[in-house]
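Please keep the sequence and the structure at hand while reading.

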Amino acid sequence: MNLTLYVWRQKGPADKGRLVQYEAKDISPDMSFLEMLDVVNERLIVKGDVPIAFDSDCREGICGMCGQVVNGVPHGPQEKTTVCQLHMRHFKDGDSIYIEPFRARAFPVVKDLVVDRSAFDRIIQAGGYISVHTGGVPDGNAILVPKHDADIAMDAAECIGCGACVAACPNGSAMLFTSAKVTQLAMLPQGRPEAARRVCVMTEEMLSQGFGNCANHYECQAACPKGIKVQFIAKLNREFIKAQMPGTGVK
Ligand code: SF4
Ligand code: FES
């Protein structure tokens, strides 16, 4: 395949940035999108040019490190697929492809396609954990969890923290991410003792990191490579309202 790429190049946070055209020739349709960029970068290096900076780690769709906007869509055109699992056979020979970083106020561009997503880490640090004593492994196995609750918790736990939901949202909202992280713990008995405090501090941290509000566009759900549903946002809202009730210990 021969492709024309328009890639966002930005030297650093202070640089204005611009789209730069590259010809990607002799690309195998079996390559992943990131392998295609690897080939482009190898050729840039041979020519003495600076390679395109982009994030990746597992390249198996599980770590959440990769993230680019491909032809206007975070993670590209393939539904429920991270850009590292997107294959070139989904494009046509001769295509023009526009590749840009995730764009959101809370995710500043570091360089080229790399953005700083540490705002997500700060939301998790605020309360995305269990600190009560839950006993040893045998105790954990003895705590019965209804199948329906376990299924919801597991679905929420599929979130890989990639940030595509934020990039897709016109408001740059992190509600889908935060709601998945709140729900995965709120559905389990081990997570209930701190559920009220957790939802309050994680929501407060989310707002303080510069993310926008949810306005029910549902773009987050459409872009999510893990199929996280907006129903989790409703769950977060219910947890938040419950936390305001007398007796929860939340001030
Ligand atoms: S909710 Fe989906 S899009 Fe958002 S961070 Fe999690 S996996 Fe990525
Ligand atoms: S590199 Fe890990 S999810 Fe894409």
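What volume does the largest pocket have? The largest pocket has a volume of about 240 Å³.

## Basis of the description

This is a predicted model, in which local features need pLDDT of at least 70 and side-chain atom pairs count only at pLDDT 80 or more, while totals for chains, interfaces and linings use all residues. Residues are numbered from 1 along each chain as its sequence is written, chains are lettered from A and ligands numbered from 1 in the order in which they are written, and side-chain values use heavy atoms, with hydrogens and water left out.

## Overall make-up

The protein chain contains nine helices and seven strands, where helices (H or I, at least four residues) and strands (E, at least two) are DSSP runs numbered from the N terminus. Its C-alpha trace spans about 65 × 40 × 30 Å along the principal axes. Of the 251 residues in the protein chain, 47% are buried; buried means under 20% relative accessible area, exposed means over 50%, and partly exposed lies in between, with a 1.4 Å probe and protein chains only.

## The two pockets

Rolling a probe the size of a water molecule over the atoms shows where empty space is left. The search runs on a 1 Å grid over the protein atoms alone: a cavity is a set of points where a 1.4 Å probe fits but cannot get out, a pocket is an open set with protein on both sides within 12 Å along at least five of seven lines, and lining residues have an atom within 4 Å of a point. Grid points are joined across faces, edges and corners, and a volume is the space filled by probe spheres set on the points.

The largest pocket is lined by 13 residues, and those nearest its centre are Ile 152, Asp 155, Lys 229, Gln 231 and Phe 232. Two or more lining residues come from each of α4 (147–156) and α9 (231–243), with α9 supplying the largest share, four residues. By class, this lining holds four nonpolar, three polar and six charged residues, where Ala, Val, Leu, Ile, Met, Phe, Trp, Tyr, Cys and Pro count as nonpolar, Asp, Glu, Lys and Arg as charged, and the others, Gly among them, as polar.

The second largest pocket, with a volume of about 190 Å³, is lined by 17 residues, of which Cys 214, Ala 215, Asn 216, Val 230 and Ile 233 lie nearest its centre. Here α6, α8 (219–223) and α9 each supply at least two lining residues, and α9 gives the most, with three. This lining divides into twelve nonpolar residues, four polar and one charged.

## The ligand site

Ligand 1 is surrounded by 13 residues, the closest being Cys 159, Cys 162, Gly 163, Cys 165 and Cys 224; a residue is near a molecule if one of its heavy atoms lies within 4 Å of it. The elements that give two or more residues to this shell are α5 (164–168) and α6 (175–186). Eleven residues of the shell are nonpolar, two are polar and none is charged.

The space taken by ligand 1 is the largest cavity, a molecule being counted as sitting in a cavity or pocket if more than half of its atoms lie within 2 Å of its grid points.

## The sheet

Five strands form an open sheet with mixed pairing, in the order β2-β1-β5-β3-β4. Because β2 and β4 stand at the edges with a single partner strand each, one side of each is left without a neighbour in the sheet. Two strands pair if DSSP finds at least two bridges between them.

Strand β1 (residues 3–9) is largely enclosed by the rest of the structure, because six of its seven residues are buried. Seven bridges join β1 to the antiparallel strand β2 (residues 18–24), and Leu 3 has Ala 24 in β2 as its bridge partner. With strand β5 (residues 96–100), β1 pairs in the parallel sense over four bridges, and Val 7 stands opposite Ile 99 in β5. Strand β3 (residues 69–70) pairs with β4 in the antiparallel sense over two bridges, Val 70 having Val 73 in β4 as its bridge partner.

## Two loop residues with positive phi

Most residues other than glycine have a negative phi, and most peptide bonds are trans. Lys 80, in the loop between β4 (73–74) and β5, has a positive phi of about 50 degrees although it is not a glycine, and Lys 80 is exposed, with a relative accessible area of 52%.

Asn 216, placed in the loop between α7 (195–208) and α8, has a positive phi near 60 degrees and is likewise a residue other than glycine. Asn 216 is exposed, with a relative accessible area of 57%, and is one of the residues nearest the centre of the second largest pocket.
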